[in-house]
Amino acid sequence: MSLALDVVAEPLSTEPVQKKSIRELTLRSVKRTYEMFDGHHMLRPPMHESSIKMKTSIKIRDDYQAVRNMAATEMPARAERAAAASTASTSAFAAAAASGSSGSVIPGLEAGKAAKTKEFKESDFSKLIDSIDEDDATKKAAAAAKASLNSSAIVEFKGEAGSIHTVQKKTYNHSASVIPRLASKWPKPEWHAPWKLYRVISGHLGWVRSVCVDPSNEWFVTGSADRTIKIWDLASGQLKLTLTGHIEQVTGVAVSDRHPYMFSCALDKKVKCWDLEYNKVIRHYHGHLSGVYSLALHPELDVLMTGGRDSACRVWDMRTKLQAMCLSGHDNTVGAIVSQRDNPQVITGSYDSTVKMWDLTAGKCRQTLTYHKKGVRALALHPVDYTLMSASADNIKKFGMPNGTFMHNMLSQQKSIVNTLACNEDNVVVSGGDNGSLFFWDYKSGHNFQQSQPKVQPGSMESEAGIFASCFDKTGTRLITCEADKTIKMWKPDEDATPETHPGIPYHPPRELKRF
């Protein structure tokens with residue numbers, strides 16, 4: 001048998017609970033803390049006399065060190081006459097006061113003297129200054145005695161009182177003395193006429209991947225994803241010849257200026273040499289293990305450089321078709337190659353975000369530039385200056401030769417994968433992006449003075465707006481771009497433009513200069 005008991009909970013107290021604000025609770029907590037740790041919380045903490053003296057002496061020394069021991073200046077003649085006159089008048093008043101009655105000649109004179117005497121009593125502050133001077137004198141005397149013991153001089157020089165002592169400030173070796181400072185004045189950009197599109201050439205059936213201009217400046221050649229190589233007239237834009245032979249996209253073409261030869265490379269791993277007198281292939285260069293992306297000719301030697309997806313730059317002998325050397329060291333596709341007469345004679349840019357400078361004599365890498373953070377797809381040499389420009393998705397950088405000294409970045413970013421880079425003698429740099437954007441830069445200052453977004457060919461999708469290759473003609477007054485909408489576009493500067501009518505994009509000097 002079980003009993004169920006109902007238990008009713010009774011309140012502990014019938015008094016109402018008083019609600020207090022957060023401020024009252026905080027003040028009460030602060031008060032308790034003060035009473036626990038410091039009973040005299042209303043009183044200020046005692047001052048440390050030696051600390052106050054040291055602080056005041058440091059302030060006085062910093063403010064008045066340069067003028068504390070200066071010589072007294074001579075009074076000019078007018079000031080001397082005024083002082084003499086005031087002295088005479090004071091003596092006259094004193095004589096009158098002595099001969100007269102016991103009362104003062106000037107009322108309030110005695111009170112003023114008493115106040116003046118009280119004012120010139122030695123204060124604690126003046127005592128502090130004197131103690132500073134005494135400390136300095138003691139230290140100097142000790143240093144002089146030590147120097148005299150170590151010195152071999154016959155006569156000891158002692159500075160006279162009142163002489164001016166030079167103040168030597170402490171120098172600190174901070175990081176700015178180790179790292180070379182960048183120039184404070186940025187070069188002002190030169191005005192360039194805006195470039196305008198004046199011709200669109202259609203003829204290829206696929207992406208136009210490469211372009212090169214004939215040394216005689218009469219025609220230019222393009223390679224396309226439709227596996228053909230077409231030769232066009234530079235003046236009229238008419239098609240002159242179509243060459244077939246590759247079985248994959250033609251990614252690079254180059255025309256020799258010393259031989260009637262043209263070279264081409266493609267994704268079918270083949271490198272071909274064309275005889276332009278017969279329009280036939282006369283040599284094949286076998287050795288690449290995968291697609292070939294870039295191609296360059298040496299300006300003086302009969303050698304050919306090719307680079308591709310096998311992460312190597314291969315140097316070929318034109319005549320014997322043999323591989324002279326294999327420049328290996330990159331970790332990814334070699335996307336760009338340039339060559340010049342002076343060292344370094346071969347420079348390669350790779351998708352592993354590095355730029356390598358090669359010694360062609362030894363067949364070794366002499367310098368590796370690791371300034372980029374993204375893959376390097378384009379390189380360009382200035383036709384006059386001894387400099388190199390490299391383009392990546394993060395920035396376009398300029399380097400000084402022959403050691404690859406980093407100079408500066410371009411002042412803005414294209415915010416796209418940069419596939420091509422070209423420069424002419426008028427200091428105009430052109431970069432083409434994967435999104436179809438075409439940027440024009442001033443070479444010296446890195447200022448972007450024009451941005452163009454050409455329309456795609458009618459019938460093409462907007463996603464086919466991409467620029468794969470570009471180059472100037474031999475005069476530098478015509479620009480040829482190869483695009484993903486299967487067209488070739490030609491540009492020229494506006495002859496009627498002036499700095500007043502076409503000022504271009506406003507120039508803003510850089511504020512924060514990056515060193516890498």
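Okay, strands β15 and β16: residues 346-350 and residues 355-359 pair in the antiparallel sense over four bridges. Strands here are DSSP E runs of at least two residues, numbered from the N terminus, and two of them pair if DSSP finds at least two bridges between them. Look at Gly349 and you'll find it opposite Val355 in β16.

Quick word on what we're looking at. This is a predicted model, where local features need pLDDT of at least 70 and side-chain atom pairs count only at pLDDT 80 or more, while totals for chains, interfaces and linings use all residues. Residues are numbered from 1 along each chain as its sequence is written, and side-chain values use heavy atoms, leaving out hydrogens and water.

Now zoom out a bit. That pair belongs to an open, antiparallel sheet of four strands, ordered β14-β15-β16-β17. At the edges we've got β14 (334-339) and β17 (364-369), each with a single partner strand, so one side of each has no neighbour in the sheet.

Next stop, Asn448. Which strand is it in? Asn448 sits in β25, residues 448-452. Buried or exposed? Asn448 is buried, at 5% relative accessible area; buried means under 20%, exposed over 50%, partly exposed in between, with a 1.4 Å probe and protein chains only.

And what's around it? Counting contact as heavy atoms within 4.5 Å, and skipping residues up to four places away in sequence, Asn448 touches Ser412, Phe439, Phe440, Trp441 and Ile505. A polar atom of the Asn448 side chain lies 2.8 Å from the backbone oxygen of Phe440. For the backbone oxygen of Gln450, the distance to a polar atom of that Asn448 side chain is 3.0 Å.

Methods. A polar contact is a pair of N or O atoms within 3.5 Å; within protein, one must be able to donate a hydrogen and the other to accept it, and residues adjacent in sequence count only if both atoms are side-chain atoms.
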